[in-house]
Amino acid sequence: LYFPDPWPKKRHHKRRLLQEEFLGLIATKLVEGGSFYIATDWENYAGHIGEVVAASEQFRIREHRVHNGDRPLDRPTTKFERRGLALGHKIFEWQLIRN
């Protein structure tokens, strides 16, 4: 899930894709030990993602990185990532493993 819409306004946070229910759905589609990658350049959304992931019993964090584009996980670069870096945003990434 690379650079989903952050819905930055507080009243829209309920529309963010990464919620507990969505993570549960992803867990039903992955085999045990399967990987799920997440990346965002919005610090507020990264905090939200961290909370949702920490509360999940279906996933564990294999790797979490915060960087300025110099240490991405093994994944393609997106136009949203390039745009965020141009604006001076940090990149927040997770690799989750299905329990």
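Helices (H or I, at least four residues) and strands (E, at least two) are DSSP runs, numbered from the N terminus. This is a predicted model, in which local features need pLDDT of at least 70, side-chain atom pairs count only at pLDDT 80 or more, and totals for chains, interfaces and linings use all residues. Residues are numbered from 1 along each chain as its sequence is written, and side-chain values use heavy atoms, with hydrogens and water left out.

**View 1. R16 sits in the segment before α1 (20-29).**

**View 2. R16 touches P6, W7, P8, N44, Y45 and H48.** A contact means heavy atoms within 4.5 Å. Residues up to four places away in sequence are left out of this set.

**View 3. The protein chain follows the pattern α-β-α-β-α-β.** That comes to 3 helices and 3 strands. The radius of gyration, taken over C-alpha atoms, is 13 Å, close to the 13 Å of the globule rule (2.2 Å times the number of residues to the power 0.38) for 99 residues, so the chain is as compact as a globular protein of that length. The C-alpha trace spans about 35 × 35 × 20 Å along its principal axes.

**View 4. Buried residues make up 41% of the 99 residues.** Among contacts with a separation of 6 or more, 74% join residues 24 or more positions apart.

Methods:
Buried means under 20% relative accessible area, exposed over 50%, partly exposed in between (1.4 Å probe, protein chains only).
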